[in-house]
Amino acid sequence: MVEVFENVWIVIPCYNEQAVIGKTVNDVLAAFKNVVVVDDCSTDRSADIAFKAGAHLCRHPVNLGQGASLSTGISYALQQGATAIVTFDADGQHNADDARALVRALFANDVDVVLASRFLGSTKGMTISKSLVLRLATIFTRVTTGLRLTDTHNGLRAFKASAARKIDIKQNRMAHASEILHEISSKNLRYQEAPCCILYTDYSRHKGQKMSGMVDILKDLFVAKLN
Amino acid sequence: MIMRLFLIWALLVLTLYAFTQRTRSRLISYVMAIAALVGMILVAFPEVATDVAHFVGVGRGADLIAYLFMVIAIAAIFNLHLRNRLLDQRLSELAKSFALHTAKSPHDDRK
């Protein structure tokens with residue numbers, strides 16, 4: 001099993017997370033060998049802290065958004081010869097054991113993508129309004145992509161390298177979560193869900209998506225349809 | 001009379017500008033030149049605008065010009081929006097490739 005993890009790369013998009021990025025990188029490095037942090041032009045010390053903690057570091061010269069950071073990180077991992085790529089949030093709400101379970105499922109079940117679901121697993125400290133919005137987003141995505149998923153906006157995902165090469169993230173900002181699912185659907189990638197635990201802390205609640213972000217996401221998706 | 005001369009002068013400048021832009025975008029340069037020429041005709045013979053307005057079912061010539069101006073302005077904003085998106089995309093590609101080229105590995109000695 002060890003060799004399965006040898007060339008797995010963890011991609012962590014990061015923007016102004018100096019309070020937590022060091023711990024997140026340390027936790028992930030305890031479970032995986034290769035971690036790349038994509039610093040989206042943070043104005044704090046996130047990049048230094050991540051690099052000192054032992055992560056590879058890519059830095060955007062201008063702030064582009066989380067979608068662009070994932071895209072950069074995935075390209076970097078592929079350049080380094082990744083066999084599988086896991087996307088992981090910087091704010092400490094994911095845990096590395098879930099990421100390992102995703103990778104195991106990826107290779108054991110012969111699928112292209114494994115998506116983590118907090119609704120198959122568990123959540124700690126999620127607000128009711130957050131839960132409601134996520135469930136609405138899930139219904140919206142089920143209708144628009146036809147994918148049968150229980151949690152559509154979870155940053156924890158595992159891709160085989162072949163699948164990661166096919167997925168083209170054009171949405172720079174937060175609409176990439178829906179875009180990735182559209183790519184999975186339109187390119188007929190084999191997918192499955194795996195349970196994960198999400199830990200909501202005061203920090204992640206504060207840093208996470210605001211409900212108003214939903215309007216921006218829908219706008220970005222609508223504009224993308226026009227082009 | 002002074003206003004007329006000023007408007008015609010401004011529209012002439014616009015026509016010349018449109019002429020210099022024809023290598024960048026043929027379509028936009030033609031549209032701009034035609035709009036400026038039509039504008040000059042309307043400034044010189046304002047009654048034409050009223051006749052045309054009556055013909056297409058708008059009350060006054062001035063209203064017709066206001067409507068046309070709105071359509072042109074909206075088209076111009078849309079065009080700018082598309083250009084802006086294109087520039088955004090290019091900037092993203094540039095920034096991503098910069099990030100990949102300047103990436104640092106913890107195993108690197110040349111930190």
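Analyst: Across the interface of chain A and chain B there are zero salt bridges, a salt bridge being a side-chain nitrogen of Lys or Arg within 4 Å of a carboxyl oxygen of Asp or Glu. This is a predicted model, in which local features need pLDDT of at least 70 and side-chain atom pairs count only at pLDDT 80 or more, while totals for chains, interfaces and linings use all residues. Residues are numbered from 1 along each chain as its sequence is written, chains are lettered from A and ligands numbered from 1 in the order in which they are written, and side-chain values use heavy atoms, with hydrogens and water left out.

The two chains do touch: 21 residues of chain A are in contact with 14 residues of chain B, where contact means heavy atoms within 4.5 Å. The area buried between chain A and chain B is about 1600 Å², and carbon and sulfur atoms give 65% of that area. Buried area here is the accessible area (1.4 Å probe) that two parts lose on being put together, summed over both. On the side of chain A, Phe51(A), His56(A) and Pro61(A) supply 28% of the area buried against chain B, more than any other three residues.

Helix 4 of chain B comes next. Helices (H or I, at least four residues) and strands (E, at least two) are DSSP runs, numbered from the N terminus. Helix 4 of chain B covers residues 61-101, which is 41 residues. A residue is called buried under 20% relative accessible area, exposed over 50%, and partly exposed in between (1.4 Å probe, protein chains only).

Rings of Phe, Tyr and Trp (its six-membered ring) pair if their centres lie within 6.5 Å; planes under 30 degrees apart count as stacked, over 60 as edge-to-face and the rest as tilted. The count comes to three aromatic pairs over all chains. One of them joins Trp9(A) and Tyr76(A), which are edge-to-face, with 5.8 Å centre to centre and 80° between the planes. Trp9(A) lies in strand 1 (residues 8-14) of chain A and Tyr76(A) in helix 4 of chain A, so the pair ties together parts that are 67 residues apart in sequence. Both Trp9(A) and Tyr76(A) are buried.

Chain B has a pair too: the ring centres of Phe6(B) and Trp9(B) are 6.1 Å apart and their planes are at 35°, so this pair is tilted. Both residues lie in helix 1 (residues 2-20) of chain B, three residues apart, about one turn of the helix. Phe6(B) is partly exposed at 45% relative accessible area, and Trp9(B), at 53%, counts as exposed.

Side chains of opposite charge can pair when their charged atoms come close. In chain A, Asp27(A) forms a salt bridge with Lys23(A), the closest N and O atoms being 2.9 Å apart. Asp27(A) and Lys23(A) are four residues apart in helix 2 (residues 21-31) of chain A, and so about one helical turn separates them. Asp27(A) is partly exposed, with a relative accessible area of 39%, and Lys23(A) is exposed at 56%.

Another salt bridge joins Arg190(A) and Asp110(A) at 3.3 Å, N to O. This pair links distant parts of the chain, 80 residues apart: Arg190(A) is in the loop between helix 8 (176-186) and strand 7 (191-199) of chain A, and Asp110(A) is in the loop between helix 5 (96-108) and strand 5 of chain A. Arg190(A) is partly exposed at 39%, as is Asp110(A) at 46%.

Note on methods: The expected span of a helix is 1.5 Å times one less than its number of residues.
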